[in-house]
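Here is a short briefing to read alongside the model. Take a look at the sequence and structure first, then follow the points by topic.

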Amino acid sequence: MNELKGGIIPSKTGIRETIIDLIEKSVDKGIFDAVIIPMKVPSGDSFVYVLVKDKKLLKDGFPLAPTMLVQGAKAVSSVTRLGKGNMKIAAIIRPCEARATVELAKLGQADLDNVTIISIDCPGVLPTSDFLEDPDKYLKKFDDAYKNWDDKIMRPVCQICDKSSMVTGDLHIGTLGAKKDTCFIISNSEKGDSVAEKLDINLNQNLDSWNSKVKAISEEKKKKRIKAHKELKSTVSGLDNLVETFSQCINCHNCMRVCPVCICRLCYFDSDKVKHTAEDYLTRAESKGSMRFLPDTTLFQMGRMMHMSISCVSCGNCEDACSMDIPVGQIFSMIADETQALFDYVSGRSLDEPIPLVAYKKEELHQMEDAND
Amino acid sequence: MTKALKLNKSAEEGILEFLKYLLESGKVKGVFTLKRISKNSAIAYSLITNPDELKDAVPFYPLMPVNAGKLMSRFTLKEGAKKPVAAILKPCELRGFIELIKREQGTLDNLYIISSICGGVFPSRTEVDRSAEKKLPKYWESVKKGEISPDLRSVCKACEEFIPYTADITFDLLGNNDIDKHSIFYLNTKKGEDLAKDMKGDFSEKEFDRKKLEKINEKRQAEKKKLYDEIGKKMNGIDGLVEIFGRCIGCHGCSKVCPICYCKLCEFESPDSEYSPSNYETELRKRGGIKVPPGTIYFHLGRLTHIGISCVACGQCNDVCPVDIPVADIFKKVGESIQKMFDYVPGKDVEEEIPLVSFKQEEFAEIEE
Amino acid sequence: MERKIGVYICECGPNISEKIDIDKVIDAVSPIEDVAVVEKFKLLCSADGKKFLEEQIKKNSLTHLVVAACSPKDHEKTFMMVCENAELNPYLFQLANIREQCAWITEDKEEATKKAIRLVKAAIGRVKYHSSLEKKEIDSIPDVLVIGGGIAGMEASLQLASKQRNVYLVEKTSDLGGLVKNYEKTFLGMKPISDIIDEKTKKIDSNGNIKVFKDSEVEEAIGFFGNFEIKIKRTNEESEPVEINVGAIVLATGSALFNPDKTPEYGYGKFENVITSLEFEKMNLSGKILLKNNKTPNSVATIHCVGREERGYCSEICCMYSLKFARYLKEKLPNVKVSNFYSDLCIPGKTDQKFFNQTKEKNVGFIRSSNIKLTKKGEQLNIEYDDENKNKQNLLVDMIILSPAMVPNDDATKIAEMTGVSQDDEGFFAEEHEKLNPISTSTEGIYIVGCAKGPKNISDTIVQAEAASGNILSSLIPGKKLEPEVKTSQISESFCIGCKTCLTVCSYGAITFDETKKISVVNEVICRGCGNCVAACPSGAASIKHFKFNQLYQEIKEAVK
């Protein structure tokens with residue numbers, strides 16, 4: 001882990017304007033050629049990521065949008081999957097999106113050579129369905145909640161997120177613990193250092209107040225997380241409970257498609273391997289007297305969990321997109337904690353840390369050996 | 001005149017009696033219909049082989065968790081049914097299945113199709129928030145009177161295709177005031193007659209009440225006009241489309257639940273549709289910014305082009321959209337206008353070729369002029 | 001496509017016929033769809049049996065063949081040959097093992113028959129989904145690349161060249177000879193070696209079949225046994241690499257010495273007159289054994305096992321050459337006091353004990369010691385140590401020779417990655433099997449010899465060099481066609497998303513990445529069909545021929561239905 005260095009920049013008019021200002025200056029100085037940044041859609045009731053080159057358009061940028069419909073990692077991957085191109089790009093995304101971006105880079109789905117990831121202390125993000133009820137009202141609610149760092153209206157996974165200030169990109173805007181009308185700008189890499197230097201930002205400031213505030217919030221969230229997971233576990237543990245939890249699932253696979261780390265072009269569970277003959281289906285139905293059709297709903301969920309939980313960043317986009325309101329984000333996030341803990345792995349923590357599936361360590365999983373004694 | 005079977009049972013009981021008879025007599029090895037499948041009564045399609053399991057079946061429940069036409073395609077895609085199976089499908093599900101069969105994505109071999117004169121379904125929201133149960137009594141009242149229940153999917157309210165075309169048996173529901181006491185099964189085909197002939201009940205010759213059904217159709221048409229006007233206003237050129245699809249996140253859920261979308265790997269998910277860095281650079285030279293991932297409207301227009309001719313307006317796409325875009329409304333309107341160009345009704349006749357692959361010399365003469 | 005499956009059950013003498021009710025099996029599988037004929041035969045692997053099968057295939061125009069008999073290990077190839085002779089693709093065939101896995105494991109005829117029926121049904125279910133597969137043949141290149149011009153590389157090169165193979169010998173320094181060129185004599189016989197090395201070098205330089213590249217390194221080595229593409233570059237020069245093609249590669253890159261900087265208690269680099277064994281060899285070869293102040297030493301101590309604890313292994317040769325040093329010293333400086341500090345002595349081999357005894361007789365001191373610490377005392381060096389009885393002792397000497405462990409070269413990892421050869425825990429190149437395949441590697445056609453695979457003396461090194469040559473000469477025959485694995489992996493171009501998970505888990509380097517299409521591509525000639533990639537691929541874009549999902553699914557389904 002790199003040592004974090006930070007500077008302090010003025011932030012009089014609000015964090016969104018501060019970031020836009022910073023980006024505009026950077027584009028002016030040629031530090032970046034283009035920026036991936038959220039923007040309000042023409043109908044005013046949603047936010048999307050836009051790759052912006054025109055400075056005039058930058059003014060409409062809306063960092064720290066109240067909703068996260070497209071996971072920022074998907075946006076970065078869309079631009080850089082096939083190569084790094086000639087443009088120097090800044091991506092203004094949330095910590096969980098930055099983590100997912102790092103995971104995607106490891107999976108060959110994003111080239112970060114020309115990308116500078118800029119994250120920001122995140123208060124959470126609203127459930128989309130709430131926001132769509134009354135966009136203006138909920139935007140105001142979000143901004144109020146942001147001021148007080150109050151997560152009650154945020155996604156369930158956001159409410160128990162202990163990594164909302166995790167720094168894994170190049171730069172990070174720290175609003176917590178900052179003196180009035182200022183915020184921290186923290187560098188985590190040489191790229192970040194270079195940007196700060198070109199912007200004449202001194203990175204030798206004391207980050208103690210940010211560090212301690214972040215630590216305090218993280219610990220409090222961690223306690224909530226443990227409690228929430230304990231409760232959740234009791235409702236989904238055991239095959240009966242599991243099947244019951246996913247009984248309303250219609251296998252639309254929305255969760256899989258909005259997930260930043262589900263990258264397969266053709267998912268195993270959409271492939272020929274799960275397609276069988278009428279005779280096979282009938283035989284199977286006969287063994288129990290009736291069979292839900294299509295069968296294997298839970299198999300899809302468990303299979304997806306097995307494939308991606310090692311890289312899950314607990315963003316909750318899956319739950320947001322679920323057409324049947326199944327708490328899939330909370331469940332997957334809970335299991336992901338445990339899967340990653342098995343390997344002392346935190347997804348997206350570092351580009352240099354290989355994904356456990358393809359990393360062999362001799363000293364690993366000894367608890368499995370002992371279990372057989 | 002069609003042969004019809006009448007049972008002195010309510011619709012709810014009558015259909016179950018019939019299905020029980022089908023299984024117990026061995027006329028079919030399995031029955032495909034809606035069923036309560038879990039402790040908390042989630043409703044899903046089920047393939048039932050043991051008549052005892054029918055007790056949880058709810059064949060005419062106004063929900064469509066998945067378009068059953070798509071399910072029938074999956075059931076018969078790798079190989080047709082070798083043993084007889086009866087399937088209860090709603091008219092649009094049946095039409096979707098027929099359209100898929102035309103594209104080699106399924107077969108009717110050994111299948112008996114039972115459909116109904118359909119009163120429409122609730123959006124799946126009502127299953128999620130458990131309001132479906134509460135809305136049921138009002139729903140059935142509307143069905144009996146031949147009125148449009150206010151709780152239906154938008155496209156159901158505007159649907160004129162509520163009478164199935166090619167079912168072996170059609171159950172009389174919409175506009176039938178008598179469904180609390182009697183069940184009427186129209187036996188449209190020889191297959192349907194053979195299936196029902198050993199059932200204990202009253203057989204007669206009966207016709208659909210055309211007049212009544214036309215009155216219902218008028219109401220539906222009025223709703224359709226309202227729907228088209230509303231969505232038409234929003235679909236004002238490219239700007240209108242950009243507004244409507246502004247919230248679209250490219251999840252492709254609409255495509256995945258659509259009965260007609262059957263490609264293994266959608267064109268818009270294949271490497272062909274990916275933007276390379278130079279594509280982005282070129283686009284940015286032309287305009288100041290580009291949404292990422294790009295191609296939102298392109299996807300929808302593309303999908304319209306590919307499947308619009310066969311859209312049966314079932315409304316699954318509306319239900320699955322995580323950002324509440326009225327995809328079904330748009331596709332119904334545009335789909336219908338494409339279909340009208342060829343006088344084509346998707347799913348009406350399995351022998352009728354899809355216009356895309358059929359050439360008629362006398363066609364589009366107006367374009368020549 | 002109409003399928004006509006022929007099912008033939010072998011009685012295998014009494015082996016199967018007495019344990020399984022074959023007629024019941026015939027009755028059970030005859031009605032299966034697509035089964036055209038079911039018959040039994042006394043002994044299908046006999047000449048008559050094979051003839052019978054061939055005739056049956058032709059007579060019935062069979063499209064698929066199922067034989068229920070013994071283990072595939074026994075006769076799969078036999079029946080595949082029958083198919084070929086009958087002009088039926090040999091992969092449209094499945095062998096059901098109803099002997100080892102059925103008749104031979106139970107006395108219960110009823111149970112055995114039931115299982116046999118399942119196994120035959122499973123084979124029929126599977127074979128329906130088989131596809132024709134074609135054998136491939138490629139030309140092999142009989143030439144060899146030898147990396148490393150030390151004794152191992154030189155020996156291998158001369159052996160191979162003597163049988164008219166073209167050898168490309170790449171040496172990163174300016175001279176051939178490796179470590180051995182620094183020695184005056186070899187231990188045991190105390191025979192002079194440098195002349196021999198000079199002679200070998202001359203032989204190599206004058207051998208028309210050996211092309212030597214000095215001051216050069218191999219930059220790239222891709223390909224497979226019989227066809228490697230190599231790029232050789234002169235180090236420190238901006239020149240175009242030389243491209244050659246060879247059929248096999250011998251890694252004879254030798255080793256380095258443990259750096260005593262890491263064990264500061266020995267004072268290396270801190271005190272003058274503390275030198276390593278290699279430095280002493282060079283000094284001895286030059287003819288003058290001198291201290292830094294140009295005086296001759298009166299007392300010399302050799303410290304064994306420097307770095308042994310840190311590395312965790314014994315380097316085999318250091319005790320013996322430390323004895324050799326004692327001999328050098330006694331030969332050249334008759335009055336010198338020589339002491340050898342050791343913790344354990346490693347003197348294996350049939351003549352080593354004698355060599356040790358003779359050395360001892362020359363008044364060489366052998367001190368079993370621990371906790372050695374060196375300090376400077378005036379012009380001399382003081383060795384403080386614990387003796388055998390754990391008493392603290394001191395010895396003043398003029399010069400100290402350290403015998404450090406042998407460790408892999410700095411570029412071992414680079415070479416390993418370049419060639420796809422594994423490294424063991426210590427960093428040396430790893431052999432395919434430490435007992436049974438000691439010089440081949442998991443990459444067919446790449447051999448590791450000499451100290452590159454671990455500390456080694458000269459005779460063992462020569463043995464390995466000869467072994468590699470022998471192996472190459474017998475398996476890489478000029479004009480020989482190679483038949484790579486048929487049942488290889490395939491990666492669907494449209495479904496691969498380019499996450500490289502398969503690439504990471506492929507042990508054979510058979511998967512490369514197409515940077516333009518951003519997909520993984522299998523080299524079907526190197527692929528061994530192990531299936532790691534298929535297991536690792538989350539979407540199923542990777543699959544193995546002849547072990548496709550459907551084939552396995554149908555087999556299992558029929559077996560357990």
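**Where chains A and B meet**

Strand β8 of chain A (residues 290–292) pairs in the antiparallel sense with strand β3 of chain B (residues 43–48) over three bridges; strands pair if DSSP finds at least two bridges between them. Strands here are DSSP runs (E, at least two residues), as are helices (H or I, at least four), numbered from the N terminus. This is a predicted model, in which local features need pLDDT of at least 70 and side-chain atom pairs count only at pLDDT 80 or more, while totals for chains, interfaces and linings use all residues. Residues are numbered from 1 along each chain as its sequence is written, and chains are lettered from A and ligands numbered from 1 in the order in which they are written.

- Within β3(B), L47(B) is the bridge partner of M291(A).
- Chain B brings 66 residues to the contact and chain A 64, where contact means C-beta atoms, placed from the backbone, within 7 Å.

**Domains of chain C**

- The domain assignment, which is automatic or from a database, gives domain 1 (5–133), domain 2 (144–254 + 409–475), domain 3 (273–391) and domain 4 (489–545).

**A helix pair in chain C**

- Helix α5 (residues 109–127) and helix α16 (residues 549–560) of chain C pack at about 155°, with axes 7 Å apart.
- That angle makes α5(C) roughly antiparallel to α16(C), a label for angles over 145 degrees.
- Among the contact residues are R118(C) and L119(C) of α5(C), and Q551(C) and E555(C) of α16(C).

Terms used
Two residues are in contact if their C-beta atoms, placed from the backbone, lie within 7 Å. Axes are lines fitted to C-alpha atoms, for helices over the stretch in contact, and angles run from 0 to 180 degrees between N-to-C directions. Angles under 35 degrees count as roughly parallel, over 145 as roughly antiparallel, 65 to 115 as roughly perpendicular and the rest as oblique.
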